[in-house]
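Here is a short report on a few selected sites. Please look at the sequence and the 3D view before reading on.

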Amino acid sequence: MGHNHDVDAEVDVDVVVVGAGFAGLYRLHKMREIGITARAFEQGGGVGGTWYWNRYPGARCDVESIDYTYSFSEELQREWRWTERYPAQPEILRYLNFVADKFDLRRDIQLETRVESASFDDVTATWTITTDRGEVVRCRFCVMATGCLSAPKRPGLDEAAVFDGPTYHTGLWPHEDVDFTGMRVAIIGTGSSAIQSIPQIAKQAAHLTVFQRTPNFSIPARNGPIDRDRERWSDEHFAEFRSLARQSGFGSSNVFNPQSAFAVTAEEREAEFERRWQTGGIAFLGSYMDLLFNEEANELAAEFVRQKIRETVHDPEVAESLAPRNHPLGSKRLCIDIDYFETYNRPNVTLVDLTKTPIVEFTAQGIRTSAGDHDLDAIVFATGFDAMTGALLSIDIRGRDGLSLRDEWIDGPRTYLGLMVSGFPNLFTITGPGSPSVLSNMVISIEQHVDWLAALFTHMRDNELVCIEATDAAQDAWTAHVNEIANLTLFPCANSWYVGANIPGKPRIFMPYVAGVAVYRQRCDDVAANDYEGFELTRA
Ligand code: N01
């Protein structure tokens, strides 16, 4: 480090942004605001990222509409009206298109273009980006806004090729309507995507067979029209409303109970669980402060949910199969549903418990388990994503001296603040591993990263600095800290995508930073105020 750089090297653009979802769009807007040129490349045929690809039946956000919006523009908040408590995918996609138009972002976005490689040249301190259209673009900074859940995982893809009917992945859903009317449909997986789509597909298909490997905890969404009073309050108290989210743990205006589950009587506890169950949504996790730290406290909430499953599902054997027992509640992403457990009471829905009767093979007619054949007309894979690192590592990223990010992360991701990787100067990972990211309201976390970077770029320009890189020592200390905090919680107990357990061979590392968005924001601000402690900044 500490090389001299040839700052006069020509660049085509100051910043290349990879991706045009929530992160990429705001990034472009912010760069313009501070007078830095930027260009975004997006693989999809439209803006929207996650919300462009995930069009499966029932796709909806589990963060409430009112919270799942940009906060950088009060005017935008007042202009856009959500219709429901939780936004459905088409509405979020319309919102992101509205943002792209309102802030005139499209002229800097090139769609249907996949970035294939990014390599750093130490002499000129520039990145060279290549795309699948054969373009070569030189820039000073490279910002990866590639998303955390954007590389679909499709186990059994090769094996399923023998199946005669159509196959789908929830994360790569076709843009034209898929009509399952009269069909015998299978869905593999019971994560958030499956739990949202199962009730919808069941209403249409002649028969739906759900292949479940691990049951999940799910809380009713209690969706409905948006609460206009709350919306009005958030408009009238814009600054306070936004500050509440920024100063929270998960980045929303939900209220978390600071009490321990053991500080109250059993009756009071049941009443609180019941109240939150009836209110619906992810705030159930905030019933008591120790649910994510203390196994016994967690078990009380877990048993409450299991009991709800037993009360809802008529067939006791199916209810038992659906009741999660091998991980604490919330240690895998808590699912939020609309009529999920109720759907198993329909005569046209069957649950196959893969722990009892595993899949043996796919056949031309369907799926064979150890118990026999399921003849099918269509198969839906709701099998998730190579989370947090998958999209980044699908690009051939080369830092100083040809260092490959794939090699650097062979034992799992290591970052400083989830923002930079040592050996990869001027490359930034928006909501990267080691930041709150997927454990928070993504919009809040994206905005915080983008704002922090904008301040950094301004600082670098004002001080004629051309290169920034995380030091090894800062990265080691941060990675250790992220793990240490995660190990205080129950999160690492589950075989979740948070730890990469859903991808065979992926190193087991707890990837997000669990201390919450407020603590993390403060830490990033302190680093900046302390002359970008842990980073090395160099002049020409
Ligand atoms: O993916 P998942 P997802 N054979 O990884 C099963 C966000 N999201 O797309 O648990 C059989 O959660 C796997 O089983 P197991 C949200 O953050 C948000 O549903 O590995 N089964 C699991 O049941 C979410 O957490 C929203 O044993 C196999 C399922 O497939 C994240 O995206 C909506 C298998 C995958 O579940 C990912 O959710 C949707 C195999 N070989 C998504 N491989 C909202 O905002 C995997 N499975 C509401």
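Helix axes are lines fitted to C-alpha atoms over the stretch in contact, and angles run from 0 to 180 degrees between N-to-C directions. Helices (H or I, at least four residues) and strands (E, at least two) are DSSP runs, numbered from the N terminus. This is a predicted model: local features need pLDDT of at least 70, side-chain atom pairs count only at pLDDT 80 or more, and totals for chains, interfaces and linings use all residues. Residues are numbered from 1 along each chain as its sequence is written, and side-chain values use heavy atoms, with hydrogens and water left out.

Start with the helix pair. Helix α7 (residues 228–236) packs with α8 at about 100°, and their axes are 5 Å apart. The two helices are therefore roughly perpendicular (65 to 115 degrees). Contact means heavy atoms within 4.5 Å. From α7 come Trp233, Ser234, Asp235 and Glu236; from α8 come Phe238, Glu240, Phe241 and Leu244.

Next come two loop residues. Serine 252 sits in the loop between α8 (238–246) and α9 (266–279). Threonine 363 lies in the loop between β13 (359–362) and β14 (366–369). Buried means under 20% relative accessible area, with a 1.4 Å probe and protein chains only.

| Residue | Relative accessibility | State |
|---|---|---|
| Serine 252 | 10% | buried |
| Threonine 363 | 11% | buried |

Neighbours within four places in sequence are left aside here. Serine 252 then contacts Asp67, Leu244 and Ala245. Threonine 363 then touches Val162, Phe163 and Arg368.

Note on methods
Buried < 20%, exposed > 50% of the residue type's maximum accessible area, 1.4 Å probe, protein only. Parallel < 35°, antiparallel > 145°, perpendicular 65-115°, else oblique.
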